[in-house]
Amino acid sequence: MPFLNRLHRWADERPDDTAVVVGGRHISWSGLRDAAAARVAHSTAVTVLAEANSPEFAVAFAAAVAGERQCAVLDPTWPKQLQEDIAERLTRSRAGHREPVPGTGLGDGPPDTPFLIGLTSGTTSVPKAFTRSRRSWQLSFDASIEFFGLTAADKTLAPGPLAASLNLYALSECLYAGAEFHTLESFDVGDVHAAIGHDGITRLVLVPTMLRLLSERGLTGGVDASGITSIICAGSKLDARTLDAARRWAPNATIFEYYGASELSFVSGAGLRAGEPLDAGGTGIGVPFPGVDVRILDDAGAPVPDGADGNICVRSGMVSNGYLWGDDGQALRCFGGWFTVGDQGYLSGGVLHILGRRSDMIITAGKNVYPHEVELALSSVPGVAAAVAAGMADDVRGQRVVAGVVPSHGGITATQVKAGLYDILPRDKRPLQYYALEELPLTDRGKVSRQLLLDWIDRRDPRIRPLA
């Protein structure tokens, strides 16, 4: 495993059916198998793959994991020097290891052998690297196919870069399941809408920001998404506005959101079927995936009571092998077979609730407040398009919670925001100050920065003003 033996099966049974489509370029099951098989003889024990989306990417990836080969998939937009540093580290990390006999066959290697070298995202320093076994992904495929209801009749569109783990997994999962996989050369809202209509897409795999753009612009432009039966989102919990827009744009879709980590694979998830009520502002992220056990443990590895927060810990066959480099002892910890990446949360009635990373926690008047929980609640308030919360230094409380909101249209007052939070966020977690933002404070890599929000407040940046 993970998918090459299945690829042979689909190529034998349905040789001329489409396997992969990238930006309108098609490759059949037999075409993919034959092209990858021809490339295997020229593939080394470890391949560094840094290519943009294309049918050739699928061919190269299949060949790179044949037998006992391993593949490190890098973001092609990373600086060339960073890519070279990673390649050099991979060479050093394998010094003294027995190199597998390359062979020439396109087939799956032994289940317990590593096949994928995963890399955390990063452009300013060398990312951490971990490995995954073939068995871990085969177990993940079986679990996700069951949970999401993927069938061979589905046509999946994952419009993001294949170098990202979400999309690379979606490609591999479809190759395993015998389902048609689609992506684009680069993300473009109009191209995604066109593909949905032209190619008969039934399934979307994407991050929340993409879903919001597609849904809101699709509603405005009258793009028909009634043929979509499932939407799978990862990266962060869906806010109420995104859920509402997606439900109206794709009325027949079950919207799945799940929690997982590259090092842990799937942890928990939930599917919101058409007509079911929204969980506005909630932190719940569903029940454990098939084959996954979840516990909340304290820093000593002891279980905490139901409803109490702590480290989200996982026990499953899908967990990675650990790090080749970059682990500081905290990135992936193990408590007697229970693994955690440091995310904080709690279990209540069997449902996992995500609070965020411990490093983001605000301690105000002796209470622990996670900005992620505050932001989810704020995003569900009518008139709020987006929100960011942070802890500001306070002589009395230690820190006080402050929040910036981007109005969805027109203006909004602090009174309206407070009223919207009344029933969905406890009093001791509500912000004490609110600010209107012209835009979210983003880093140069496009991530929301809570520290930048505090900087804007401190220097009275023109993009922010106090809400009365």
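These legends describe close-up views of a predicted model. Local features need pLDDT of at least 70, side-chain atom pairs count only at pLDDT 80 or more, and totals for chains, interfaces and linings use all residues. Residues are numbered from 1 along each chain as its sequence is written, and side-chain values use heavy atoms, with hydrogens and water left out.

**View 1. F141 and Y176 form a tilted aromatic pair.** The ring centres lie 4.9 Å apart, with 35° between the planes. Rings of Phe, Tyr and Trp (its six-membered ring) pair if their centres lie within 6.5 Å; planes under 30 degrees apart count as stacked, over 60 as edge-to-face and the rest as tilted. F141 sits in helix α5 (residues 134-148) and Y176 in helix α6 (residues 165-177), so the pair ties together parts 35 residues apart in sequence. Helices are DSSP runs (H or I, at least four residues), numbered from the N terminus. F141 is buried, at 0% relative accessible area. Y176 is also buried, at 2%. Buried means under 20% relative accessible area, exposed over 50%, partly exposed in between (1.4 Å probe, protein chains only). R6 lies over the face of Y176, 4.0 Å from the ring centre. For this, CZ of Arg (or NZ of Lys) must be within 6 Å of the ring centre and within 35 degrees of the ring normal.

**View 2. Helix α6 is mostly covered.** Twelve of its 13 residues are buried; among them are L168, S172 and Y176. G178 follows α6 and has a positive phi, near 75°.

**View 3. F61 belongs to the largest nonpolar core.** This core has 77 residues, and F61 is one of those that touch the most other members. Helix α6 gives the most to this core, with nine residues. A nonpolar core is a set of buried Ala, Val, Leu, Ile, Met, Phe, Trp, Tyr and Cys residues joined through side-chain atoms within 4.5 Å. Beyond its neighbours within four places in sequence, F61 is in contact (heavy atoms within 4.5 Å) with residues including F3, F115, L168 and S172.

**View 4. A salt bridge joins E216 and R241.** The N to O distance is 2.6 Å. A salt bridge places a side-chain nitrogen of Lys or Arg within 4 Å of a carboxyl oxygen of Asp or Glu. E216 is partly exposed at 24%, and R241 is partly exposed at 26%.

**View 5. R459 and D461 meet in a salt bridge.** Their N to O distance is 3.5 Å. R459 is partly exposed, at 47%, whereas D461 is buried, at 7%. Salt bridges with shared partners join E439, R459, D461 and R463 into one network.

Terms used. Helix = DSSP H or I, 4+ residues; strand = E, 2+ residues; numbered from the N terminus.
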